[in-house]
Amino acid sequence: FLLQVVARLGRVAYHGPMVATDLARGLQPAEAESLLAALAGAPPAPLPAPLALRGGVARGPLLGGCLSLLAATVGTPWLPPLAGAVLFLEDIDEPEYRIDRMLTHLGLSGTLSHVHGTVVGHLGRGWEQGPAAAWQRQSLLATPGPVSFGLPVGHGVPNHTLPLGREAVLDADRGELRFD
C-alpha cells in the first residue's frame with residue numbers, strides 16, 4: 001500500500017510504528033519523536049545504519065519495506081520500479097533460508113539490479129549479525145551500491161518512522177541514512 005501511494009500518487013508515505021503493536025506497547029522517546037516529527041512535516045533526522053556490508057554512498061528515493069511483501073508482488077502491477085532507489089528492507093522473524101530465498105527471487109526477477117544501494121532494518125532472529133548468515137549475505141552483495149544493516153526501523157524496537165519516496169542518502173562509510 002505504501003509503495004503504491006508513492007508510485008501512483010507521487011506522495012511521501014510513512015513506514016513507522018503500527019497501532020496494534022508499537023503504539024500498544026508504548027513508544028520509546030526516540031520513536032515517538034520520530035513519529036511526531038513526521039506527522040508535523042518536519043525534516044527527518046539522520047538514522048544510524050552502522051553495519052556496512054559494502055561501503056560507499058548512494059542517493060535516490062527511499063523505497064521498500066517488508067521483504068516478504070515485496071517478494072510477493074514480483075510479477076504483479078503492485079511492485080513499483082525500484083531502479084534508482086535506495087532500497088529499504090525489513091521483516092519479522094523469517095528464518096535465514098526464507099530471507100535468502102526472497103532476496104534471490106527479487107534478484108533473479110531483475111528487481112534489484114538497478115537500485116543505488118540497500119539499507120536493512122530489523123529482520124529478527126539476529127540474521128544481520130549471525131555468523132551462519134554469511135552465505136545469505138551473498139544475495140545482498142549481488143545488488144549494486146552500498147549495503148548497510150542496523151537501521152532502527154521495522155518489526156522490532158526501536159521502530160523509527162521513515163519517509164518512503166523522499167530523497168535519501170545512504171552513506172555506508174559513515175554508517176547513516178539521511179534525507180535531503
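User: What counts as a pocket, and which residues line it?

Analyst: A pocket is an open set of grid points with protein on both sides within 12 Å along at least five of seven lines, and its lining residues have an atom within 4 Å of a point. The model here is predicted. The second largest pocket is lined by 16 residues, and Glu33, Ser34, Ala37, Pro44 and Ala45 lie nearest its centre.

User: Which helix gives the largest share of the lining of the second largest pocket?

Analyst: Helix 3, residues 29-40, with 5 residues. By class, this lining has 12 nonpolar, 3 polar and 1 charged residues. The volume of the second largest pocket is about 220 Å³.

User: How is such empty space found?

Analyst: A probe the size of a water molecule is rolled over the atoms, and this shows where empty space is left. In this model, the largest pocket holds about 280 Å³ of space. Two or more lining residues come from each of helix 1 (2-9), strand 4 (57-66) and helix 4 (67-72).

User: Which residues lie nearest the centre of the largest pocket?

Analyst: Phe1, Leu2, Leu3, Leu69 and Leu70, out of 14 lining residues. The lining has 9 nonpolar and 5 polar residues, and no charged ones.

User: Is Leu164 buried or exposed?

Analyst: Buried means under 20% relative accessible area. Leu164 has 0%, so it is buried. This residue lies in strand 8, residues 162-164. Beyond its neighbours within four places in sequence, Leu164 is in contact with residues including Leu2, Leu3, Leu62, Leu63 and Phe88.

Terms used:
Residues are numbered from 1 along each chain as its sequence is written. This is a predicted model: local features need pLDDT of at least 70, side-chain atom pairs count only at pLDDT 80 or more; totals for chains, interfaces and linings use all residues. Side-chain values use heavy atoms; hydrogens and water are left out. Helices (H or I, at least four residues) and strands (E, at least two) are DSSP runs, numbered from the N terminus. Buried means under 20% relative accessible area, exposed over 50%, partly exposed in between (1.4 Å probe, protein chains only). Contact means heavy atoms within 4.5 Å. On a 1 Å grid over the protein atoms alone, a cavity is a set of points where a 1.4 Å probe fits but cannot get out, and a pocket is an open set with protein on both sides within 12 Å along at least five of seven lines; lining residues have an atom within 4 Å of a point. Grid points are joined across faces, edges and corners, and a volume is the space filled by probe spheres set on the points. Ala, Val, Leu, Ile, Met, Phe, Trp, Tyr, Cys and Pro count as nonpolar, Asp, Glu, Lys and Arg as charged, and the others, Gly among them, as polar.
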